[in-house]
2 protein chains.
Amino acid sequence: MRNILVIGWGQSSSSLITYLLKKSFSENLHITVADVSLELAKSKVNNHENGTARTLNILNEAERKEAIKNADIVISMLPAHLHINVAKDCLEFGKNMVTASYISNEMNALHEEAVKKNLIFMNEIGLDPGVDHMSAMQIIDRIREKGGKMLLFESFTGGLVAPESDDNLWNYKFTWNPRNVVLAGQGGAAKFLQEGTYKYIPYHKLFRRTEILNIDGYGKFEGYANRDSLKYKSVYGLDDILTLYRGTIRRVGFSRAWNVFIQLGMTDDSYTIENSEHMTYREFTNSFLAYNPFDSVELKLRYYLKIDQDDIVWDKLVELDIFSSTKIVGLKNATPAQILEKILRDSWTLKENDKDMIVMQHLFGYELNGKKEQIESSMVCIGDNQTYTSMAKTVGLPVAIATLKILNGEIKTPGVQMPILKEVYEPILKELEENGIVFHEKIVPYLGYNPERVTG
Amino acid sequence: MRNILVIGWGQSSSSLITYLLKKSFSENLHITVADVSLELAKSKVNNHENGTARTLNILNEAERKEAIKNADIVISMLPAHLHINVAKDCLEFGKNMVTASYISNEMNALHEEAVKKNLIFMNEIGLDPGVDHMSAMQIIDRIREKGGKMLLFESFTGGLVAPESDDNLWNYKFTWNPRNVVLAGQGGAAKFLQEGTYKYIPYHKLFRRTEILNIDGYGKFEGYANRDSLKYKSVYGLDDILTLYRGTIRRVGFSRAWNVFIQLGMTDDSYTIENSEHMTYREFTNSFLAYNPFDSVELKLRYYLKIDQDDIVWDKLVELDIFSSTKIVGLKNATPAQILEKILRDSWTLKENDKDMIVMQHLFGYELNGKKEQIESSMVCIGDNQTYTSMAKTVGLPVAIATLKILNGEIKTPGVQMPILKEVYEPILKELEENGIVFHEKIVPYLGYNPERVTG
């Protein structure tokens, strides 16, 4: 029996644990699911004969070390800042480790020691980061192997509501941490490259500078720029690339309406609103509008943000009840962002039978044998239900598959890693396909942003 | 001979030092002007028989203590964060002290010890803070003494170019630290009170929510909200006030045009622009616009921000040369804000014979004997030249006058103080008037924002 320790947090580990338990017979595995909540851990193991549920307080050193010592490999699904303690114990006891989080500087500092001890600390192997790395690097490597030169790389990912459960005007529901959705784009200008020109978008314009994308069978989407597009230059070896853009996917029209909240100042998380607990949604909205007792909150907002009476944006706002004079915020000393999150949760929480949907699309522009071409690669994954969501599948399955392949010695390169090596992405993408996470590719003419080579 | 030590920084101390040197004969004073630059100190003393210029490295403890020990009172015109060392030495050697800066928490912590030693540490006695405190408290106290109840307090201050030197489309030149002008309004939402309703304006809307003011003989101005209006509630004893608003004055139309820079993202100081050193002003502007090689930078900007072809905002932008393809930024690893400051300095630097202008206006709404009224109190001060600027006069004279009155025992209340007591403001405002810094009052009908008491 080989022992896999899953240190949990719950949310995204259902698909992960189910996959490992299913493989436990043929692969001779025992899965220990450790969580602060024994109940949650038990619900994941579901009395499986090759599984054990236990509590684990990750901040209790003795408890943590004992658990890690007895494992053959450790999966940490903890919040990102808690991985480092697990990683250090893994170094001490000579265990491999897998996480779905971005590599922190602290984690990166363990690279040489991990290499020395021939240990694999595989990170960024969830959805985004994770599936995006693997599916992009597979095509980039293929283009390069043929002698092609990369000109353009654009990559978009979004967590949305599935078409069959899409029943609001925003075509959106919360399928992941709502707070992150409210704060998305804050903390600095978005930076990217277009045809060799660096471009910068401040937060308050971010949702007005979207790009449109099409996904066969699913229609039109839009993407707004992520903050960090440029860092993928070195990670993917794209140092001479002309266009580099990473974005977040929403349904068309979401961003234009979301921009209303940004313009009003409702997404601000840096100060608290006076008397937030007892204020109505209407009063909250009014606190961002000029004082005028003769005009309605509605007309003041329309005028301020120049929203025409027949603009669908207006219906989206009304749908959220932001003008309600009966609904009460009920949060003490809350920031605008916290209040907005509360208001949105009323409308955007998945209903019991709702399904979520993950959408990813990459564009690869390149020159090969004197010819410019573009590959469009798209993936859509729809959740089965609210346990096996598309988010749980696309985050948890790559983690689980990688864990097993490390355990079986199929993934070998030691050190603090992310899944950009062929040794890693080829077998994992293949098995993801068998599990319904499939990328569809097509070749289209290369357009880029400047087909006629005008400068400017 | 009574020794006054002025620890300097130069810029605003010309009027201060000239005032004290003039008084030195009748008041039996010796003024020591200490600066890191001996040359600068000498230029201020100008070989006056009752003055001495010296160098002083404020971070050299022995040097600093020796200088303070030999003084009877110390004026610190250092950058705000450096006052605290001077204050601690003043406590040690039993010296009074005067600064024009906001009271820091560190400074405030010295209050009890200062009281115990019967020392006066007078702060916030420049223009803003300073003249604003005194001129506001004089009228607020008078209204209260008559039994009136304060309903509204609005206060606006601005440093501008004098009408006779006003020769650009923005009606603005830099008369103080340009960097502060570029960053103005950043760091959090503006908060204020209107008719009992708290209002919040995010930075990217701040310059679109201005208030108009009139100053007799000088015409129309506009004010945009400062971040910190609410803190004056307790300082001025206005706890039940319905309307509380502090703002910064510009000429009408400035803010609407300035908003273009904010919308583009040019005032951002949080990241550096790639290749900033070698880029043209035009390339800088273009880096905030969507990529499109077929359209001009001009048309892209007009379209993005919806600027009509006959809008004066456009002429203001053109006047600053932001579309120039010959002017080079020339700053290494510069932030957008640093580059914008550079561009503005080209156009907004005072010419040799230019004069500056300080404008201040307070509005006091109150109920007295069942009647609502409003007092409008305005002050305009125009600089003599580039040495005795209106900024130097309005900052330096209150400091100098306060110093002498403390030295002469006319101002007596010990502790860490700001000029809100009658003992302080009455004699100083009187002497400011003799020096041409005069407030003109008029009584107007009270309007407030809600004359008909509608709620909403």
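The model is predicted, so local features are reported only at pLDDT of at least 70 and side-chain atom pairs only at pLDDT 80 or more, whereas totals for chains, interfaces and linings use all residues. Residues are numbered from 1 along each chain as its sequence is written, chains are lettered from A and ligands numbered from 1 in the order in which they are written, and side-chain values use heavy atoms, with hydrogens and water left out.

**Stop 1: the sheet of chain A**

Select the strands of chain A in the order β3-β2-β1-β4-β5-β6-β15; they form an open sheet of seven strands with parallel pairing. Helices (H or I, at least four residues) and strands (E, at least two) are DSSP runs, numbered from the N terminus, and two strands pair if DSSP finds at least two bridges between them. At the edges stand β3 (51-55) and β15 (415-417) of chain A, each of which pairs on one side only. Neighbouring strands of this sheet are turned against each other by 15° on average, direction ignored. Axes here are lines fitted to C-alpha atoms, for helices over the stretch in contact, and angles run from 0 to 180 degrees between N-to-C directions.

Within this sheet, select residues 73-76 and 96-99 of chain A: these are the parallel strands β4 and β5, joined by four bridges. Contact means heavy atoms within 4.5 Å.

**Stop 2**

Turn to chain B, where an open sheet of seven strands has the order β3-β2-β1-β4-β5-β6-β15, with parallel pairing. Its edges are β3 (51-55) and β15 (415-417) of chain B, each with a single partner strand, so one side of each is left without a neighbour in the sheet. From one strand to the next, the twist averages 15°.

Select residues 2-7 and 29-35 of chain B to see β1 and β2, which run parallel and are joined by six bridges. In β2(B), A34(B) is the bridge partner of I7(B). Helix α2 (residues 38-45) of chain B packs on the sheet against β2 and β3 of chain B, with its direction at about 170° to that of β3(B).

**Stop 3: a salt bridge in chain B**

Show the side chains of E145(B) and K422(B), which form a salt bridge with the closest N and O atoms 2.6 Å apart. E145(B) belongs to helix α7 (residues 131-145) and K422(B) to helix α17 (residues 422-434) of chain B, so the pair ties together parts that are 277 residues apart in sequence. A salt bridge is a side-chain nitrogen of Lys or Arg within 4 Å of a carboxyl oxygen of Asp or Glu; the count over all chains is 59.

**Stop 4: the interface**

Display both chains together: 38 residues of chain B are in contact with 38 residues of chain A. How many salt bridges cross the interface of chain B and chain A? The rule finds zero. Elements giving two or more residues to the side of chain B that touches chain A are β8 (190-194), β9 (197-201), α9 (203-206), α11 (254-264) and α13 (297-305) of chain B. The largest share of that side, four residues, comes from β9(B).

**Stop 5: backbone features**

Most residues other than glycine have a negative phi, and most peptide bonds are trans. Select D128(A) and P129(A), which are joined by a cis peptide bond with omega of about 20°. P129(A) lies in the loop between β6 (120-122) and α7 (131-145) of chain A. In chain B, a cis peptide bond joins D128(B) and P129(B), with omega again about 20°. Finally, select N333(A), which has a positive phi of about 45° although it is not a glycine. N333(A) is located in the loop between α14 (312-319) and α15 (336-348) of chain A.
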